[in-house]
Amino acid sequence: MHMSTKKEQSIQDTTKSFQEMADLILLQLNLIEKVMLSADEGENNRIINEINRNEKEIDRLEVVISDKFINSIVLYQPLASDLRKLISIYRMTINLERIGDLVMNITYAIVTISKTGEYRIMSDVILNMFQSGRVMVEKSLLSFVNNDQDYAIWTIKNDAVVDEMNNKLIANSISKANIDKKTKEMLLSYIDIKNIITNIERIADHATNIAEATIYSLQGTDIRHSDFEK
């Protein structure tokens, strides 16, 4: 096989694996939305088992894509346009994997709090926020698949709009809830605290990503999805 043909095949293989991962992430987002909408405990347990299986495949695909990305660059020295595409796929893969982790966090949290009064008060707002985020993921992926810059621009601009909308929705929901003033103030305080914690968590996530990349650079060892402390 000619070198240029091998290079094209390598890029196509990487793109195919990325598309598989993207489709799985979109499926995960749809599945967790079903859990939010359903009160059927048996059905929800079945969906959660499916979510857990999909998460393992998402983790596997991330490692596969990373390996294909490195091989494509080292073996075939792609041209600038191909290199940009490969780097974009790699960066999106990292973010998709993070979204997959967040889906798992949401799944466990929903299971824990779904029967509480606090969740019943906030469930419509949480669902609205989640649906806004899901649409952003869908459009950001469409922008890449369809080479459509407008979808990408919409997603970037909509981030701030969604944040503002969601904050207002939460505040309005609490203000209209049939609860006493002290409880309302407590819930609003929890929201402020959660915003702080979320931002700290994101900083810690980035620090972990840098540390993992450093270990890979120094040792050539991929420690993602492994029990590092062992």
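Ser-143 touches Asp-148, Tyr-151 and Ala-152, when residues up to four places away in sequence are not counted. Ser-143 belongs to helix α4 of a predicted model. The protein chain in this model has six helices and zero strands. Of its 230 residues, 30% are buried.

**Whole chain**

- Read from the N terminus, the elements follow the order α-α-α-α-α-α.
- Among contacts in the protein chain with a separation of 6 or more, 74% join residues 24 or more positions apart.
- The protein chain has an accessible surface of about 14700 Å², and carbon and sulfur atoms account for 56% of that surface.

**Nonpolar cores**

- The largest nonpolar core has 26 residues, and the members that touch the most others are Ile-32, Met-36, Ile-51 and Leu-96.
- Two or more residues of this core come from each of α1 (3–37), α2 (41–76), α3 (80–113) and α4 (117–145).
- Helix α1 gives the largest share of this core, with ten residues.
- Apart from neighbours within four places in sequence, Met-36 is in contact with Ile-106, Ile-110, Tyr-119, Ile-126, Leu-127 and Phe-130.

**Packing of α3 against α4**

- The axes of α3 and α4 are 13 Å apart, and the two helices pack at an angle of about 165°.
- Angles over 145 degrees count as roughly antiparallel, so α3 and α4 are roughly antiparallel to each other.
- The crossing in which α3 passes α4 is left-handed.
- On the α3 side, the contact is made by Lys-85, Ser-88, Ile-89, Met-92, Leu-96, Ile-99, Ile-106, Ile-110 and Ile-113.
- On the α4 side, the residues that make the contact are Tyr-119, Phe-130, Val-137, Leu-141 and Phe-144.
- Leu-96 of α3 takes part in this contact and is also one of the residues that touch the most other members of the largest nonpolar core.
- Ile-106 and Ile-110 of α3, with Tyr-119 and Phe-130 of α4, are among the residues of this contact, and these four residues are also in contact with Met-36.

**Packing of α2 against α3**

- Helices α2 and α3 cross at roughly 160°, and their axes come within 10 Å.
- That angle makes α2 roughly antiparallel to α3.
- Helix α2 passes α3 in a left-handed crossing.

**Loop residues with positive phi**

- Gln-77 is a residue other than glycine, yet its phi is positive, near 45°.
- The loop between α2 and α3 holds Gln-77.
- Gln-77 counts as exposed because its relative accessibility is 65%, and the cut-off for exposed is over 50%.
- Asn-147 is not a glycine either, and its phi is positive at about 50°.
- Asn-147 sits in the loop between α4 and α5 (149–176).
- With a relative accessible area of 71%, Asn-147 is exposed.

- Ser-143 and Trp-154 are eleven residues apart in sequence, and their C-alpha atoms are 9.5 Å apart in space.
- Glu-138 is also found in helix α4.
- The relative accessible area of Glu-138 is 25%, so Glu-138 is partly exposed.
- Leu-26 and Asn-30 are in contact with Glu-138, leaving aside its neighbours within four places in sequence.
- Glu-138 and Ala-22 are 116 residues apart along the chain, while their C-alpha atoms are separated by 9.2 Å.

**Tyr-108 in α3**

- Tyr-108 is a residue of helix α3.
- Tyr-108 counts as partly exposed because its relative accessibility is 47%.
- From C-alpha to C-alpha, Tyr-108 and Ile-48 are 9.0 Å apart in space, and in sequence they are 60 residues apart.

Terms used:
Residues are numbered from 1 along each chain as its sequence is written. This is a predicted model: local features need pLDDT of at least 70, side-chain atom pairs count only at pLDDT 80 or more; totals for chains, interfaces and linings use all residues. Side-chain values use heavy atoms; hydrogens and water are left out. Helices (H or I, at least four residues) and strands (E, at least two) are DSSP runs, numbered from the N terminus. Buried means under 20% relative accessible area, exposed over 50%, partly exposed in between (1.4 Å probe, protein chains only). Contact means heavy atoms within 4.5 Å. Accessible areas come from the Shrake-Rupley method with a 1.4 Å probe; for residues, only the protein chains shown count as cover. A nonpolar core is a set of buried Ala, Val, Leu, Ile, Met, Phe, Trp, Tyr and Cys residues joined through side-chain atoms within 4.5 Å. Axes are lines fitted to C-alpha atoms, for helices over the stretch in contact, and angles run from 0 to 180 degrees between N-to-C directions. Angles under 35 degrees count as roughly parallel, over 145 as roughly antiparallel, 65 to 115 as roughly perpendicular and the rest as oblique. A crossing is left-handed if the near helix is turned anticlockwise from the far one by less than a right angle, and right-handed if clockwise.
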